[in-house]
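Subject: Structure handover

Hi there,

Here is the structure I promised to pass on to you. Have a look at it first, and then read on for my notes.

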Amino acid sequence: MEDRALNSLRVAFIGSGNVATHLAGGLSAAGCEIVCVCSPTLAHARRLADRFNDCLAIESVGSLPADADLYLISTVDSAVANIASEMPRVTGLVAHTSGSVPLSALRTVSEMTAVIYPLQTFSREVDVRLDDVPFFTEASTAEAHAFADRIAGLLSPKVYHADSAHRKTLHIAGVLSCNFANYLWDRTSDLLGQAGYSFDVVRPLIEATLRKAVEVGPHAAQTGPAMRGDLAVIESHIESLDPTTADIYRIITEAIIDSHKQP
């Protein structure tokens, strides 16, 4: 693996969704050859494969080409182990991109296995600057790890090591900071829409909040009625909300108050 030029690598993707779309594009731009896209829905495989010259679209992992240098499994987490168990034994590096699936899920398919995990949210239609994304790698051998680092380095200069336990922590951090925050923004958008406003009115607030959290730390950056102990405002807000949003508001408010109690 070490003597193979990175810009001549042959890469097969198992998965054709958001992560696969962005990583395939990034590796292709770096000079790799995307030779195959596999998806249980052939139309989805073709949608991604058609972006690359002479790229095969297939439905079954049993039809994967035998001569790829990298087999990258970019699917829902729950499918990784089953896919690995159905793959033929290969000589190339087999890696998955999941934050929550252990490296051991790949043990049946190859001696050379790895995880190449991008800590980022991906949507097929939204551009992402991969060179700003941190990638976390883990591998079965020193040789495989060096190769995984080199592949991740084609996409971003921000390459770090993380075993399965640390990667789980990173994944939880991603869910809290991205998915949970985005859900709150979704509730915010609904609330504003009911009052006749667009979500854009809170864009400066969101941007300032993120900037301040990065600059001084989220704990020090916290403001609002919970920090002030303004119970009248808090109760007034809760009374104005639908039951689900009111419960979320109450739980987070109590957590903020508790986390900022003086020792």
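To start with something you can check on screen: is the crossing of α5 and α10 left-handed or right-handed? The crossing of these two helices is left-handed. Please keep in mind throughout that this is a predicted model.

Some more on that pair. Helix α5 covers residues 164-194, and its axis comes within 12 Å of the axis of α10, with the two crossing at roughly 130 degrees. An angle over 145 degrees would count as roughly antiparallel and one of 65 to 115 as roughly perpendicular, so α5 is oblique to α10. On the α5 side, Y183, L184 and R187 take part, and they meet T244, T245, I248 and I252 of α10. Sorted by class, the residues of this contact are four nonpolar, two polar and one charged.

Helix α10 (residues 243-259) also packs with helix α9 (residues 231-240), at an angle of about 155 degrees and with the axes 8 Å apart. Because angles over 145 degrees count as roughly antiparallel, α9 is described as roughly antiparallel to α10. The crossing of α9 and α10 is right-handed. From α9, the contact involves I234, H237 and I238, while α10 contributes A246, Y249, R250 and T253. The class make-up of the contact between α9 and α10 is four nonpolar residues, two polar and one charged.

One single residue may interest you too. H145 sits in helix α4, which runs over residues 142-155. Is H145 buried or exposed? Its relative accessibility is 17%, and since buried means under 20%, H145 counts as buried. Apart from neighbours within four places in sequence, H145 is in contact with T137, E138, A139 and H161.

Finally, the chain as a whole:

- The chain holds 10 helices and eight strands.
- Its C-alpha trace spans about 65 × 40 × 30 Å along the principal axes.
- There are 263 residues in the chain, and 38% of them count as buried.
- Among contacts with a separation of 6 or more, 52% are between residues 24 or more positions apart.

Best wishes

Technical notes. Residues numbered from 1 in each chain as written. Predicted model: local features only at pLDDT ≥ 70, side-chain atom pairs only at ≥ 80, totals over all residues. Heavy atoms only, no water. Helix = DSSP H or I, 4+ residues; strand = E, 2+ residues; numbered from the N terminus. Buried < 20%, exposed > 50% of the residue type's maximum accessible area, 1.4 Å probe, protein only. Contact = heavy atoms within 4.5 Å. Axes fitted to C-alpha atoms, helices over the stretch in contact; angles between N-to-C directions. Parallel < 35°, antiparallel > 145°, perpendicular 65-115°, else oblique. Left-handed = near helix turned anticlockwise from the far one by under 90°. Nonpolar A, V, L, I, M, F, W, Y, C, P; charged D, E, K, R; others polar.
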